[in-house]
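Trainee: I have a chain on my screen. Where should I start reading?

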Amino acid sequence: MARRRKNRTHLKGAGAAAQHANDGAPKSFIIKHGQVGSSVTQLVRDLRKVMEPNTASRLKERNRNKLKDYLTMAPTLGVTHLLALTVTDVAPSLRIIRLPAGPTLSFRVERYSLMKDILKTSRSSRSMGMEYLTAPLVVLASFPPPSPETPPHLPLLMKSFQSLFPPLSPNSMSLSNCRRIVLIAYNPNRGTVDFRHYVITVKPYGVSKRVRRVLEGAPKKTSANPSSGFLDLGNEKDVADFLLRKRGEAGPGSDGYESAASSASSAAGDDGDAVSLADDYVGRNNKKGQKKAVRLSEVGPRMELRLIKISEGVPGKEGAVLYHEFVKKSKAEAAALKASHVAKERLRKQRREEQESNVQRKKAEKEQGSRKNKEDSDEEVSDAEADESGQEAHDEWDEDEEISEVGGSDDEHSEELGSDEEESEDEPEERRPTKKVRIRGKR
């Protein structure tokens with residue numbers, strides 16, 4: 001039986017709505033360049049996972065691809081950001097490039113952890129599934145408010161991270177699309193930026209973990225523990241022993257019970273953690289208006305970034321340096337550097353205009369030459385036609401002339417023969433046979 005061919009390329013329902021909602025969202029390329037190890041390669045894959053669905057998840061780099069190739073190709077594909085990871089002699093480096101005109105932010109990756117490392121250390125493992133169909137929410141924490149005392153590079157740093165993700169629109173966004181959070185936290189003591197990635201989970205509020213297991217069901221059956229597909233109460237004398245036993249207490253045979261207050265406190269904490277759902281949310285029993293406890297589960301990757309440099313433009317066409325962690329310049333040096341960049345930019349613009357004018361001039365000359373060649377060819381064709389018509393008329397006149405000339409030659413020839421016959425009576429001579437002469441007219 002032949003395989004069924006997939007021919008449905010359109011989206012329906014929530015997928016189509018999410019696609020239309022992300023039409024104006026920023027797009028990104030996340031690449032590695034240079035010689036990097038397996039850990040940095042895996043970090044690139046994890047960052048692509050974080051930036052989904054507005055990134056090229058299956059982008060494949062080749063060794064012969066240069067950073068200039070991506071800078072040239074990305075704007076034509078509608079890509080707005082390029083994140084490039086490489087390894088230096090000191091530590092891994094991350095550059096965030098705003099396309100097509102900059103600025104470029106260079107970071108040093110002080111420490112990082114991969115997704116697999118975070119999931120191994122977590123108490124409960126999570127499956128990667130539907131959370132990555134929508135873009136994450138970005139949360140900026142611990143950044144100082146704008147003021148005259150605030151360093152000028154921090155507001156630009158905040159805006160750069162904000163522009164990586166789609167802007168929030170509370171009036172049009174759906175609550176069920178809020179599945180993940182990216183936390184960007186500034187550490188003023190170390191002068192670094194912490195990058196965290198969380199998945200949002202919603203739990204029932206006001207019930208203990210054991211009651212929650214009864215309401216939500218037992219964990220799913222796995223290959224390692226096939227008997228965990230259902231809730232096992234075989235060792236309990238009564239269901240109260242399972243529901244009201246104190247935390248950390250022995251199993252069956254104990255007389256102590258968990259109080260209602262301790263049960264509520266162990267379930268979801270204080271009232272600050274509880275929210276009333278404004279709309280239906282993903283999951284079972286998460287209906288509009290119900291009171292639920294919101295939890296954040298970290299899934300990674302985790303990075304600690306140190307800002308090194310902010311420069312105008314893109315790599316290869318960099319302008320003035322707006323901020324540098326280690327190099328400090330005086331006002332006079334900064335003004336001289338800015339003037340030199342302005343002069344270089346003016347020269348680059350002048351050369352570009354000159355090149356464009358040369359291209360237009362050569363194109364005009366080429367068109368003029370082709371037009372002239374066409375006119376010459378038309379004149380040659382007309383001359384050739386005129387010559388042919390004149391030749392035909394001349395050939396007709398030559399035929400008449402040829403007939404008359406040929407007739408006259410016959411008479412003369414007969415007269416010559418008569419005279420020759422008379423002379424032959426006196427002196428017999430051998431005469432060559434006469435040839436018929438045909439006179440052709442000349443042009």
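Mentor: Start with surface. Accessible areas come from the Shrake-Rupley method with a 1.4 Å probe, and for residues only the protein chains shown count as cover. Here the protein chain exposes about 30,800 Å², with carbon and sulfur atoms supplying 50% of it. This is a predicted model: local features need pLDDT of at least 70, side-chain atom pairs count only at pLDDT 80 or more, and totals for chains, interfaces and linings use all residues. Residues are numbered from 1 along each chain as its sequence is written, and side-chain values use heavy atoms, leaving out hydrogens and water.

Trainee: What share of the 443 residues is buried?

Mentor: Buried means under 20% relative accessible area, exposed over 50%, partly exposed in between (1.4 Å probe, protein chains only). In this protein chain, buried residues make up 29% of the 443.

Trainee: Which residues touch the most other members of the largest nonpolar core?

Mentor: A nonpolar core is a set of buried Ala, Val, Leu, Ile, Met, Phe, Trp, Tyr and Cys residues joined through side-chain atoms within 4.5 Å. The largest has 36 residues; Leu85, Leu94, Phe107, Leu157 and Phe161 touch the most other members. Helix H2 gives this core its largest share, six residues. Helices (H or I, at least four residues) and strands (E, at least two) are DSSP runs, numbered from the N terminus.

Trainee: Where does Asn286 lie?

Mentor: Asn286 sits in the loop between strand S8 (274-276) and strand S9 (291-298). Asn286 is buried, at 5% relative accessible area. A polar atom of its side chain lies 2.7 Å from the backbone oxygen of Val282.

How values were computed: A polar contact is a pair of N or O atoms within 3.5 Å; within protein, one must be able to donate a hydrogen and the other to accept it, and residues adjacent in sequence count only if both atoms are side-chain atoms.
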